[in-house]
Number of protein chains: 2
Amino acid sequence: MTVQIRHLATTQSDFEATFKQVLHWSAETDTAIEDRVAAILADVRLRGDEAVLEYTARFDGLSVPGMAALELGQSELKAAFDSLPAEQRTALESAARRVRSYHERQKQACGLSWAYRDEDGTLLGQKVTPLDRVGIYVPGGKAAYPSSVLMNAIPAHVAGVEEIIMVVPTPRGEKNPLVLAAAYVAGVSRAFTIGGAQAVAALAYGTRTVPKVDKITGPGNAYVASAKRRVFGEVGIDMIAGPSEILVLADGTTPPDWVAMDLFSQAEHDELAQSILLCPDAAYITRVQEAIDRLLPTMPRAEIIRASLEGRGALIHTRSMDEACAISNRIAPEHLEVSSSEPNKWEPLLKHAGAIFLGAYTSESLGDYCAGPNHVLPTSGTARFSSPLGVYDFQKRSSLIEVSEAGAQALGKTAAVLAYGEGLQAHARAAELRLKDGGQ
Amino acid sequence: MTVQIRHLATTQSDFEATFKQVLHWSAETDTAIEDRVAAILADVRLRGDEAVLEYTARFDGLSVPGMAALELGQSELKAAFDSLPAEQRTALESAARRVRSYHERQKQACGLSWAYRDEDGTLLGQKVTPLDRVGIYVPGGKAAYPSSVLMNAIPAHVAGVEEIIMVVPTPRGEKNPLVLAAAYVAGVSRAFTIGGAQAVAALAYGTRTVPKVDKITGPGNAYVASAKRRVFGEVGIDMIAGPSEILVLADGTTPPDWVAMDLFSQAEHDELAQSILLCPDAAYITRVQEAIDRLLPTMPRAEIIRASLEGRGALIHTRSMDEACAISNRIAPEHLEVSSSEPNKWEPLLKHAGAIFLGAYTSESLGDYCAGPNHVLPTSGTARFSSPLGVYDFQKRSSLIEVSEAGAQALGKTAAVLAYGEGLQAHARAAELRLKDGGQ
């Protein structure tokens, strides 16, 4: 049975309309979920640990006598790591090493990052400091990804965050040893087996047992996303992630099986994931379709892949690689593969993308796990204005100003004129009091 | 009539409880406002210009035949600038020059910011690009601040943003010439006299006349804040600002009048603004109180200042400057004045603050207008996890990965082990297809 993935050509008259339809996705805001989340947040804020224990019993089927039973000790994390086959231990450590190495290059040295003095001796500068304490949400159940633990915890660690608190739901007490092992490898400070809106609330407000954090990162279901959106401001959050996407720009030189498998690797995440191919070579598109049809039956997650490709996928024939690059900029994809024999010719044309994978050997899955860059990337076109999760998300800046006596004379006059113009007389007087004549 | 500002001492037994009460502030989410904003957003999304015209007529008392009448041309901006007294023109230009100069130091060069090759020849890097188009919200009416136009537009300009779209409501058609002049000086691309949730919607979704932007920054009232929170994800936004705050750490060496006026300059913004003094010298606190009582009657905005100081202000006697610094870190103030003869002794102890003003001559108001750093700063303790508005808010990063054939061999094995561990077989197969033996 062939896969009924949509074929489009940029030359067709209804391309614009159809293309918009393909891209359309909007986070449904389910009022029922919103209301339940608001109630859970308010309850945890009020009753703390007691509320967390009740929701964990109700939603995760995990009843325990007290919060101590919901904390994973360091020895348990280490035991999980030790219990893994050598192959998995090596893979986790190798991935962690590469991710750390990449993120160390993103780090801004803490302390004064730069400063200069103007002609009056006034000093102007910028200081960088790490966040004190962050929370990492790790999904449990079917989408339990140890790689996400590394991708969230390592940048925080590199940034100099002192305490990294992980939460991961363990429905009916089932723990995922790879997730626990990843927490060990990544250097998580404390870990709790709680999840959902109640875990987000515990991190955002703090309870007697769970420390209040400054920022919460990490993916989750609709309840978690809604809770993060609501606590934004009380704490920092990373982006609210939509379905995952891949865009492959192909010039027809990569083996079609490789491209087909790369499209699958996105589609297998979830029925709403989106895989799109842009290619100026019609014959090559046909070969990719053949590869898709031939390879799909070999995939354990064939049904999810089929649903995703048929529902949201597209193979798009473009007039040229240049046009493909222009369309890519409109999509601003999360993952962008430049599957070309001359990827560095096209890379400078690509303005908006979370991560750019250059050349046939760079499968997106290598980036997902171990190449080094982060796999938490802006989805749904948000790469137009946002960046991969990085060390910069766990550092912040403060401006520094030290006005000299001479500087206060010149600046004071300017500030006073503008402050009076805005009707803010105390601002003006504060500047004038520093003038030698007291502004008289 | 003395100002009944709260006096506290860290030695008093109920200090912790009282201190928490003083700091307590939470953005009231008014359901009626939320619902009206949601309806306006949906309507502008659906009906575009037509809806914008209707809401502008209804809320701003400004009825015009079409959108063209709501656009300010470049010549009108320039005319506003030319109409100003020379003193104001010079002040605006001088402030803009200093703000630009500071922000140029924040800029990351666009293009490849760094890259390295690992031992297998795999390239890993990071690319920086500006946002294409941003929207700046400028409040109209009583809080029309030309300085905000400079502080929002200049960092975007320095970042390399090509189009900067300003919106500013002009109730009953009243335009503020200083705001228009600031738009001219800052190099705004287009400007519309629209405001409220309808302006945020027009920028976020685009209409026939108003171009869709990638990010919206700038302060606004409760409707604007609610609208920005709702369109977050569709576009980027800056922080949702709470009331403004100043914290003064004083060692007792600054003239008390200066400190009193600095406290006023925050308090005059709004009754909810917060001014706090931390000082280890009880006699000095008494002198500041005397200065407050003596100077308040001279202030045109005395009533607002009194309400703010009596409602939310505090003069806190600490055991030492060290203790004052520790308390400051708990507050994470928006504006932090270190009014001391040795400010550089204390600065390294200060971890969380939007902007730090060092020494007696550095009044906060100099920073508000013209010292150089941005005056859009994290409020309500959010300096724990966020930064001043800056050039970095108008640039974003993309990861770059180019895996060599040799690199694909080593990375492919690691990725496949982890992908199988997560049950994502297409990820594993995509990596394995790049192995020389095809993963067989």
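**Entry 1: words first.** I call a residue buried when its relative accessible area is under 20%, exposed when it is over 50%, and partly exposed in between (1.4 Å probe, protein chains only). Helices (H or I, at least four residues) and strands (E, at least two) are DSSP runs, numbered from the N terminus.

Two notes on where things come from. This is a predicted model, where local features need pLDDT of at least 70, side-chain atom pairs count only at pLDDT 80 or more, and totals for chains, interfaces and linings use all residues. Residues are numbered from 1 along each chain as its sequence is written, chains are lettered from A and ligands numbered from 1 in the order in which they are written, and side-chain values use heavy atoms, with hydrogens and water left out.

**Entry 2: a covered strand.** I started with β13(B), where 5 of its 5 residues are buried. Both of its faces are covered: B:His335, B:Glu337 and B:Ser339 are buried on one side, B:Leu336 and B:Val338 on the other.

Which strands sit beside β13(B)? Two strands pair if DSSP finds at least two bridges between them. Strand β10 (residues 245-250) of chain B runs parallel to β13(B), joined by 5 bridges. β14(B) also pairs with β13(B) in the parallel sense, over 4 bridges. I checked B:Leu336: B:Leu247 stands opposite it, and B:Leu336 in turn stands opposite B:Ile356 in β14(B).

**Entry 3: across to the other chain.** β14 of chain B (residues 355-358) also pairs with strand β15 (residues 395-402) of chain A, parallel, over 3 bridges. In that pairing A:Ser399 stands opposite B:Ala355.

**Entry 4: the interface.** How many residues of chain B are in contact with chain A? I found 115 of them, in contact with 114 residues of chain A; contact means heavy atoms within 4.5 Å. The two chains bury about 10200 Å² between them, 59% of it on carbon and sulfur atoms. Buried area is the accessible area (1.4 Å probe) that two parts lose on being put together, summed over both.

The rule finds 10 salt bridges across the interface of chain B and chain A, a salt bridge being a side-chain nitrogen of Lys or Arg within 4 Å of a carboxyl oxygen of Asp or Glu. One of them joins the side chains of A:Arg98 and B:Asp118 (2.8 Å, N to O). On the chain B side, helix α16 (residues 405-421) gives the largest share of the residues that touch chain A, 10 residues.

**Entry 5: a helix in chain B.** Next I looked at helix α9 (residues 222-231) of chain B, whose buried residues are B:Val224, B:Ser226, B:Ala227, B:Lys228 and B:Val231. Their cover includes α2 (31-47) and α8 (196-205) of chain B. After α9(B) comes B:Gly233, with a positive phi near 115°.

Entry 6: B:Gln289 lies in helix α11 (residues 282-295) of chain B. Is B:Gln289 buried or exposed? Its relative accessible area is 13%, so B:Gln289 is buried. Leaving aside neighbours within four places in sequence, B:Gln289 is in contact with B:Val3, B:Ile5, B:His7 and B:Leu315. B:Ile5 is 284 residues apart from B:Gln289 along the chain, yet their C-alpha atoms are separated by 8.4 Å.

Entry 7: Most residues other than glycine have a negative phi, and most peptide bonds are trans. A:Ala332 is not a glycine, but has a positive phi of about 50°. I found A:Ala332 in the loop between α13 (321-331) and β13 (335-339) of chain A, buried with a relative accessible area of 0%. Over in chain B, phi of B:Ala332 is near 50°, and B:Ala332 counts as buried at 0% relative accessibility.

**Entry 8: an open sheet in chain A.** Last, I traced an open sheet of 6 strands in chain A, in the order β2-β7-β6-β5-β8-β9, with mixed pairing. β2 (71-72) and β9 (236-237) of chain A stand at the edges with a single partner strand each, so one side of each is left without a neighbour in the sheet. β2(A) pairs antiparallel with strand β7 (residues 190-192) of chain A over 2 bridges, and A:Glu71 has A:Phe192 in β7(A) as its bridge partner.
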